[in-house]
Amino acid sequence: MALMLIVCVSTGILFSYITIQTGNCMYAAIMHGVVNVIGELPVYMTHDMENGLLGPNPMGILTISFYPAAFLK
C-alpha cells in the first residue's frame, strides 16, 4: 500500500510539472493512460482470453456500471 502511495504521488507531481511546463493537460492525460496500460500488462500476460466480454480483468466493466448511479443524484 505504501508503494502505491509513493507511485501515485510521484506520478502526480510529474504529471503536474508537465502540465505546467507545456500549458496543456493532454500530455499528462496520455501519460496517465500509458501508466494504466503498463499496470495492466501483467494481467493480460497471465490470464487467458476465454471470456471476450469481460476480458482478463472485469473491474473496468464493474466500475463503469456504477457511473450512471453517480450521475443520477
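Biologist: Which element gives the largest share of the lining of the largest pocket?

Modeller: Helix 1 does, with five residues. This is a predicted model, in which local features need pLDDT of at least 70, side-chain atom pairs count only at pLDDT 80 or more, and totals for chains, interfaces and linings use all residues. Residues are numbered from 1 along each chain as its sequence is written, and side-chain values use heavy atoms, with hydrogens and water left out.

Biologist: How many helices and strands does the protein chain have?

Modeller: Helices (H or I, at least four residues) and strands (E, at least two) are DSSP runs, numbered from the N terminus. The protein chain has four helices and zero strands, giving the pattern α-α-α-α along the sequence.

Biologist: What volume does the largest pocket have, and which residues line it?

Modeller: Rolling a probe the size of a water molecule over the atoms shows where empty space is left. A pocket is an open set of points on a 1 Å grid over the protein atoms alone, where a 1.4 Å probe fits, with protein on both sides within 12 Å along at least five of seven lines; lining residues have an atom within 4 Å of a point. The largest pocket has a volume of about 220 Å³. Its lining consists of M4, V7, C8, T11, F15, H32, V35 and N36. Helix 1 (2-22) and helix 2 are the elements that each give two or more residues to that lining.

Biologist: Is A28 buried or exposed?

Modeller: Buried means under 20% relative accessible area, exposed over 50%, and partly exposed in between (1.4 Å probe, protein chains only). A28, in helix 2, is buried because its relative accessible area is 10%. Of the 73 residues of the protein chain, 7% count as buried.

Biologist: Which residues does A28 contact, leaving aside its neighbours within four places in sequence?

Modeller: With contact taken as heavy atoms within 4.5 Å, A28 touches F15 and T19.

Biologist: Is I38 buried or exposed?

Modeller: I38, found in helix 2 (residues 26-46), counts as exposed because its relative accessibility is 54%.

Note on methods: Grid points are joined across faces, edges and corners, and a volume is the space filled by probe spheres set on the points.
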